[in-house]
Amino acid sequence: AIQWLINIRLFAWMFPSAARFANTPWREKNLFGAGGAQLLGQVAFDQLVYVPFYYFPTFYMFKSCVTKESFATGLENFRKNLFDDYCAQMVVWIPGDILVYSVPLWMRQPINHLCGYVWNCVLSWMRGALPLSESHCS
């Protein structure tokens, strides 16, 4: 739901030419200068506002609940891993955002979910392990 609110409702208000750009055929997108600027604005908002101030704090708070750690530990892990996590998500999400915000609006959420699946695989590989004290392997 939050993705829909951001990608469709909030961005329609913040970037009024974005829907027209997204629905423009690929061969004409380079002729739509205002749309390209709106595309970059959407990518910048996602990368500079949503990811560092909403996505990662939420991820680490949720992970701390699942692993039965304190919120303080979750916040410490967030702080400790932020640079590496942020760099990794940029590798997946900058091209992903460009694609997501370039396709027609009806295709935006499915493409976003596909990129999200790839990102969740990367993040699970990077941060999915339980603390050693709770590991069931011996």
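Visitor: Which residues in α4 meet which residues in α6?

Guide: This is a predicted model, in which local features need pLDDT of at least 70, side-chain atom pairs count only at pLDDT 80 or more, and totals for chains, interfaces and linings use all residues. Residues are numbered from 1 along each chain as its sequence is written, and side-chain values use heavy atoms, with hydrogens and water left out. Contact means heavy atoms within 4.5 Å, and on that basis Gln 42, Tyr 55, Phe 56, Phe 59, Tyr 60 and Lys 63 of α4 meet Arg 108, Trp 119, Asn 120, Leu 123 and Arg 127 of α6. By class, the residues of this contact of α4 with α6 are six nonpolar, two polar and three charged, where Ala, Val, Leu, Ile, Met, Phe, Trp, Tyr, Cys and Pro count as nonpolar, Asp, Glu, Lys and Arg as charged, and the others, Gly among them, as polar.

Visitor: At what angle do helix α4 and helix α6 pack, and how far apart are their axes?

Guide: Two packed helices are described by the angle between their axes and the distance between the axes. Here α4 (residues 33–66) and α6 (residues 105–127) pack at an angle of about 50°, with axes 14 Å apart. That makes α4 oblique to α6; angles under 35 degrees count as roughly parallel, over 145 as roughly antiparallel, 65 to 115 as roughly perpendicular and the rest as oblique. The axes are lines fitted to C-alpha atoms, for helices over the stretch in contact, and angles run from 0 to 180 degrees between N-to-C directions.

Visitor: How do the axes of α5 and α6 cross?

Guide: The axes of α5 and α6 come within 10 Å and cross at roughly 160°, which makes α5 roughly antiparallel to α6. Their contact has eleven nonpolar, five polar and four charged residues, including Ala 88, Gln 89 and Val 92 in α5 and Cys 115, Gly 116 and Trp 119 in α6.

Visitor: Which residues of α6 are buried, and what do they pack against?

Guide: Buried means under 20% relative accessible area, exposed over 50%, and partly exposed in between, with a 1.4 Å probe and protein chains only. In α6 the buried residues are Arg 108, Gln 109, Ile 111, Asn 112, Cys 115, Gly 116, Trp 119, Leu 123 and Arg 127, and they pack against α1 (2–14), α2 (18–22), α4 and α5 (71–100).

Visitor: Is Gln 89 buried or exposed, and which residues does Gln 89 touch?

Guide: Gln 89, found in helix α5, is buried, with a relative accessible area of 1%. Leaving out residues up to four places away in sequence, Gln 89 touches Gln 47, Val 51, Phe 56, Ile 94 and Trp 119.

Visitor: What phi does Lys 68 have, and where does Lys 68 lie?

Guide: Most residues other than glycine have a negative phi, and most peptide bonds are trans. Lys 68, although not a glycine, has a positive phi of about 60°; Lys 68 lies in the loop between α4 and α5 and is exposed, with a relative accessible area of 72%.

Visitor: How many helices and strands does the protein chain have?

Guide: Helices (H or I, at least four residues) and strands (E, at least two) are DSSP runs, numbered from the N terminus, and the protein chain comes to six helices and zero strands. Its C-alpha trace spans about 60 × 25 × 25 Å along the principal axes, and buried residues make up 38% of the 138 residues.
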